[in-house]
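Reader: Before we go through the terms one by one, could you show me the model and then set each value against its definition?

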Amino acid sequence: MSGLDPAWTITAWERGVREDTLDRAVTLLASATGLSRDQAESADVGSRDAVLVDVLSRFTGGVVQACVRCTGCGERLDVPLDLTAFPRTPWREPGALLEAEVSGSGVRFRLPSTGDLRLLRGRDAVAGRRLLLARCVQAEAGSGEDLDEETAAAVEAAMEEAAPGGAVTVRTGCPDCGAETAAALDIPALLWAEVQAQAVALLHQVHVLATAYGWTEPEVLALSPARRAAYLELVRQ
């Protein structure tokens, strides 16, 4: 699959256009890898985003503009991101177990998945942390809610070390008020913005060339970008 394949782009857009943000993340990963939706939902966030950032790089050439709101004055800030610097988490099979060492003992855990994030909706940070640990830490260590703080902190540190791409923060200064803003980097949302923009543009091209020449959508999409652009220019003349 190529992130620049127009048929892939339109199909991914069609599947995700009516979905919420987490469902779109699952759709994009399943479309990019051929995984089932259940498998894509169970993939850990670091593995998911490592795949999606590669697809995003094919769309953008390696640089993408992220938008954040200044925490000081509310101004919109455009932040250019070099995707080659994004930490790549090695792909792990859904549910793969890792181990954190705590006071000479091992605590087994898995990395958080998109499915886990879905269950955190509406919960505050404390309740969300307890639920996430309860789901990700193996039962023999006790439920995540019962873990002592030392063990919980060790597991969280091991999660971050194993999947640095699962929680990336962007920091930028505001040129107007000088405040520093930190925001979590949402790779699925950035990829979706590219998919949506390019799919809409492709559909417009199909409409124009189909109307002018009677070609079908597959015939238009099979043309190279250069040939589509040339035909579009002829239609405009």
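Author: Helices (H or I, at least four residues) and strands (E, at least two) are DSSP runs numbered from the N terminus, and the expected span of a helix is 1.5 Å times one less than its number of residues. The model is predicted, so that local features need pLDDT of at least 70 and side-chain atom pairs count only at pLDDT 80 or more, while totals for chains, interfaces and linings use all residues. Residues are numbered from 1 along each chain as its sequence is written, and side-chain values use heavy atoms, with hydrogens and water left out.

Reader: What makes the span of helix α2 close to the expected one?

Author: Helix α2, residues 21-33, has 13 residues and reaches 18 Å from its first C-alpha to its last, which is close to the 18 Å expected at 1.5 Å a residue.

Reader: Why is Ala184 called exposed?

Author: Ala184 lies in strand β6, residues 180-184, and counts as exposed because its relative accessibility is 68%. Leaving aside neighbours within four places in sequence, Ala184 is in contact with Val168 and Thr169.

Reader: What makes a space a cavity or a pocket?

Author: On a 1 Å grid over the protein atoms alone, a cavity is a set of points where a 1.4 Å probe fits but cannot get out, whereas a pocket is an open set with protein on both sides within 12 Å along at least five of seven lines, and lining residues have an atom within 4 Å of a point. The structure holds one cavity of 30 Å³ or more, and about 60 Å³ of space lies in the largest cavity. The largest pocket has about 820 Å³ of space; of the 34 residues that line this pocket, the closest to its centre are Val45, Arg48, Leu117, Gly166 and Ala167.

Key
Grid points are joined across faces, edges and corners, and a volume is the space filled by probe spheres set on the points. Buried means under 20% relative accessible area, exposed over 50%, partly exposed in between (1.4 Å probe, protein chains only). Contact means heavy atoms within 4.5 Å.
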